[in-house]
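Below are some notes for a colleague who has not seen this structure before. They are numbered so that each can be checked on its own.

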Amino acid sequence: MNAALLVIGLATLGALALGLAAHRGVRMTLEQWTVAGRGFGGLLVFLLTAGEIYTTFTFLGGSGWAYGRGAPTFYILAYGSLAYFMSYWLLPPIWRYAKRERLLSQPHFFSRKYDSPWLGVLVAAVGVVALAPYLVLQFQGLGIIVSIASYGSISPTAAIWIGAATVTIYVMISGMHGVAWNAAVKDALILVVVVFLGVYLPVHYYGGFGEMFRAIDAAKPGFLVFKPTGQSVLWFQSTVLLTALGFFMWPQMFSAVLTSKREQTFRRNAALLPLYQLILLFAFFCGFAAILKVPGLTGTLADQALLRLSVQTFDPWFVGVIGAAGVMTALVPGSIILVSAATLLANDVLRPLRPELSDSTIALTMRGLVPLIALLAVYFTLNNPPTLVALLLMGYAFITQLFPAVLCSLLPRNPMTKYGAAAGIVVGVVVVAFVTETKIGFADMLPFLPARVGDVNVGFAALILNVVAAMLVSQATRPAPVAATSASR
Amino acid sequence: MRSARWLVALPFLGILVGTAFANQVEPLVLGMPFVLAWIVGWVVVGAAAMAFVYTTDPINSAPKGEDGRDCS
């Protein structure tokens, strides 16, 4: 047992205790468990919606991509900011509608807006599909952190199991309440750790930021700018736009939005959260600092860059602090995703199929689903998934397909029919799944287009087909005649 | 001052379009490669624009919103 492991172990126990303590004094009704009774004030909503970006993805994935890819990692800084700017106009109407209709989830929103329970089921299914890589990402990060920070004394597999068990226990007992307080602790911890590392490592190893970037530029020319092909500027543009649009489409993001007490909160946060994003810069700096100091980490190993450099630089107790911060960044989003996935399956898939079930049965089912989902994610995590950023981009490609239907539903006169919405989502998701599975690029499918088009993010191209399909089918089903079902494909 | 909201188009243009013209390492700005500093700059400008929109948007000071909805 070394000092690092001790610190990480204590932090995990602390997170568990905090998660369990949070449910005291609250009767865990359905509304409390899923959206904390819509009673959270500005600070907690800030942390919940901001916490989305401070996950193990940014901590390890952001630095890992800076290390392995260079400039393409900058997209992470851009998309969240743009999403928050849009949130000023996007979130208040969603929140108002959800409050008036007492909605608990995103599929709920769809089924009510489009007056179609089946659309709700479809959206719930898309949500679960998109959440899967996201949860795997958190568990995978957890495995990396604990095994490296424990200097190899705990295997990644054991770490994943322990982490999954911790999250499962406190989510089952405290639901969304358990998540909120841990989110506060996590953000404070990660803020201090990342800023410190991002300043210390470049200064310690290179004498400053400018010196570090000049050294990298000299060693790897072209690494710090977008490439002429592949991950080019076009890739950056399409990826930023795709992920910015998808940002608030995540079911757990919807849930975080619904926890707010007031709509004012979103408008104020729209100015504050983009600045909060800038902390990500320091994660990039860590990754860049590692390039010349721990060379040779290729493929998924790049995700280990920040931690490897830390182990090489600091005493075990401080590696423990870094590891503890890392564990929190995996546990908190992991538990939010678990709450969301369980809510989706019980409330939005099971309930429409079996409307006779009571609230308490649904609530019980939700809790029962938590360990099952966690087990499934552990299974996928142990089966060699790709790098953290690749996982997230896959999730985003799926979830952004919901954006056109949400946007249209907020317009005074919705141009989209329920069949149009369903057709668009199905087309978008199928295209993403097909391209991800077969690894066929758009350049292969559409050879008559200029070669540069191949750089466009897959999810973005699918989004365009999604909109086209939605508009065509909406046109065909405009007066909503009885025979419209045949036109829904 | 509802027209203030168009200020928020600036960071979108700067990041989504402008990056194509800022894709270079030199000159370093605050020690960062130029393209990174460019993106960071637009995030800061955007946040400032957003703060301006927030303070000038009547919906944030009036107890009732423009549609007569309450903000409780």
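**Notes on the predicted model**

1. Helix α15 (residues 316-353) of chain A packs against helix α16 (residues 359-381) of chain A at an angle of about 130°, and their axes are 8 Å apart. Two packed helices are described by the angle between their axes and the distance between the axes. Angles over 145 degrees would count as roughly antiparallel and those from 65 to 115 as roughly perpendicular, so α15(A) is oblique to α16(A). The crossing of α15(A) past α16(A) is right-handed.

2. Which residues make the contact between these two helices? From α15(A) come L338(A), A341(A), A342(A), T343(A), L345(A), A346(A), N347(A), L350(A) and R351(A). They meet I362(A), T365(A), M366(A), L369(A), V370(A), I373(A) and A374(A) of α16(A). Sorted by class, the contact of α15(A) with α16(A) has 12 nonpolar, 3 polar and 1 charged residues.

3. Chain A as a whole has 21 helices and 0 strands. Of its 489 residues, 59% are buried. For contacts in chain A between residues at least 6 apart in sequence, 83% join residues at least 24 apart.

4. L60(A) belongs to helix α4 (residues 56-68) of chain A. Is L60(A) buried or exposed? L60(A) has 32 C-beta neighbours inside 10 Å and therefore counts as buried, the cut-off being 20 or more.

5. Chain B has 2 helices and 0 strands. Buried residues account for 28% of the 72 residues in chain B. Among contacts in chain B between residues at least 6 apart in sequence, 48% join residues at least 24 apart.

6. The two chains touch: 34 residues of chain A are in contact with 28 residues of chain B. On the side of chain A that touches chain B, α5 (75-100), α9 (209-219), α10 (233-246) and α12 (264-277) each supply at least two residues. The largest share of that side, 8 residues, comes from α12(A). By class, the side of chain A that touches chain B has 22 nonpolar, 6 polar and 6 charged residues.

7. Two loop residues of chain A deserve a look at their backbone. D115(A), which is not a glycine, has a positive phi of about 55°. D115(A) sits in the loop between α6 (106-113) and α7 (117-149) of chain A. D115(A) counts as exposed because it has 10 C-beta neighbours inside 10 Å, where the limit is 12 or fewer.

8. The other is Y151(A), also a residue other than glycine, with a positive phi near 55°. Y151(A) is located in the loop between α7 and α8 (156-206) of chain A. With 14 other C-beta atoms within 10 Å, Y151(A) is partly exposed.

9. Where in chain B is P27(B) found? P27(B) is in the loop between α1 (9-17) and α2 (34-56) of chain B. The peptide bond that joins E26(B) and P27(B) is cis, with omega about -5°.

Definitions and conventions. Residues are numbered from 1 along each chain as its sequence is written. Chains are lettered from A and ligands numbered from 1 in the order in which they are written. This is a predicted model: local features need pLDDT of at least 70, side-chain atom pairs count only at pLDDT 80 or more; totals for chains, interfaces and linings use all residues. Two residues are in contact if their C-beta atoms, placed from the backbone, lie within 7 Å. Helices (H or I, at least four residues) and strands (E, at least two) are DSSP runs, numbered from the N terminus. Ala, Val, Leu, Ile, Met, Phe, Trp, Tyr, Cys and Pro count as nonpolar, Asp, Glu, Lys and Arg as charged, and the others, Gly among them, as polar. Axes are lines fitted to C-alpha atoms, for helices over the stretch in contact, and angles run from 0 to 180 degrees between N-to-C directions. Angles under 35 degrees count as roughly parallel, over 145 as roughly antiparallel, 65 to 115 as roughly perpendicular and the rest as oblique. A crossing is left-handed if the near helix is turned anticlockwise from the far one by less than a right angle, and right-handed if clockwise.
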